[in-house]
Amino acid sequence: MATPVASPAPAATLVGLFAGPVRSFRSPRAPGAAVTGWRSAIAKAPVADAVFVGAEGLAGDRQHDRRHHGGPTKAVLCYGAAHYAAWAPLATAHLDDLAAAGVALPTAGAFGPGAFGENLLLAGLDESTTCVGDAWRIGEVVVRITEPRGPCGTLARRWCWPGLVDHVRATARAGWYGAVETPGTVRLGDVATLLERRDAAWTVARTFALLEARVAVRADVEALLASPAAHPALRDRLARRLATPGRTV
């Protein structure tokens, strides 16, 4: 049974808003590789004013790969603001290496807020303090957490950093997707309030670890499949894993 929550636990604040269109870029996939063209909406721009958030996400925001990003269950991508301090040493070394190699990134900017292509940057939340199935009110909007963001090849390409996907997988600093249950306006400084927690057992971090494991414990897959926190598309993914030989033990 879902558990109503009377107050934010923990307290969280919206400290970054990002949106952007699909654009064309030219860059190598890795230092020393050939420069080729690609299209993406991962290089999003900060939004300074209040913005409307509807069932498909922020006004003015788009996704190129609609198979893996966007749509009603992935309308917004959220990220924990504290992660950027943890990324800083690795990112600084990587960007220095790119500069020394003469590699130009597809867009200007440092590896900082917005670097992961997130829409909502939240101080006070991360994958260990949020759960799949949570409902959070941010400003006028209610966002239901649907699933973790998977390691993304486009993220690695945006930063010309092939090893970034492995770092994300190892740290679980991946971010999480949300469905918009109540549309409305958000603005910087809005407080994020936890309204409902459907299943405290399935943090975003634990769910991420399960989904990314090459071989998962069958009982864990079955538990998440049966949880009220899992949305239909996630259940389908879990059911396919259970039906695939070698994917569970």
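Arg144 and Glu181 join their side chains in a salt bridge (3.0 Å, N to O); the term means a side-chain nitrogen of Lys or Arg within 4 Å of a carboxyl oxygen of Asp or Glu. This pair links distant parts of the chain, with Arg144 in strand 11 (residues 141-148) and Glu181 in strand 12 (residues 176-182), 37 residues apart. Helices (H or I, at least four residues) and strands (E, at least two) are DSSP runs, numbered from the N terminus. Arg144 is buried at 9% relative accessible area, whereas Glu181 is partly exposed at 43%. Buried is under 20% relative accessible area, exposed over 50%, partly exposed in between (1.4 Å probe, protein chains only). Arg144, Glu181, Glu196 and Arg198 form a network of salt bridges.

Arg169 and Glu212 also meet in a salt bridge (3.2 Å, N to O). Arg169 is partly exposed at 37%, and so is Glu212 at 22%.

## Thr248

Thr248 sits in the segment after helix 6 (232-243). Thr248 is buried, at 15% relative accessible area. Its side chain makes a polar contact with the side chain of Arg218 (3.1 Å). A polar contact is a pair of N or O atoms within 3.5 Å; within protein, one must be able to donate a hydrogen and the other to accept it, and residues adjacent in sequence count only if both atoms are side-chain atoms.

## Basis

The model is predicted: local features need pLDDT of at least 70, side-chain atom pairs count only at pLDDT 80 or more, and totals for chains, interfaces and linings use all residues. Residues are numbered from 1 along each chain as its sequence is written, and side-chain values use heavy atoms, leaving out hydrogens and water.
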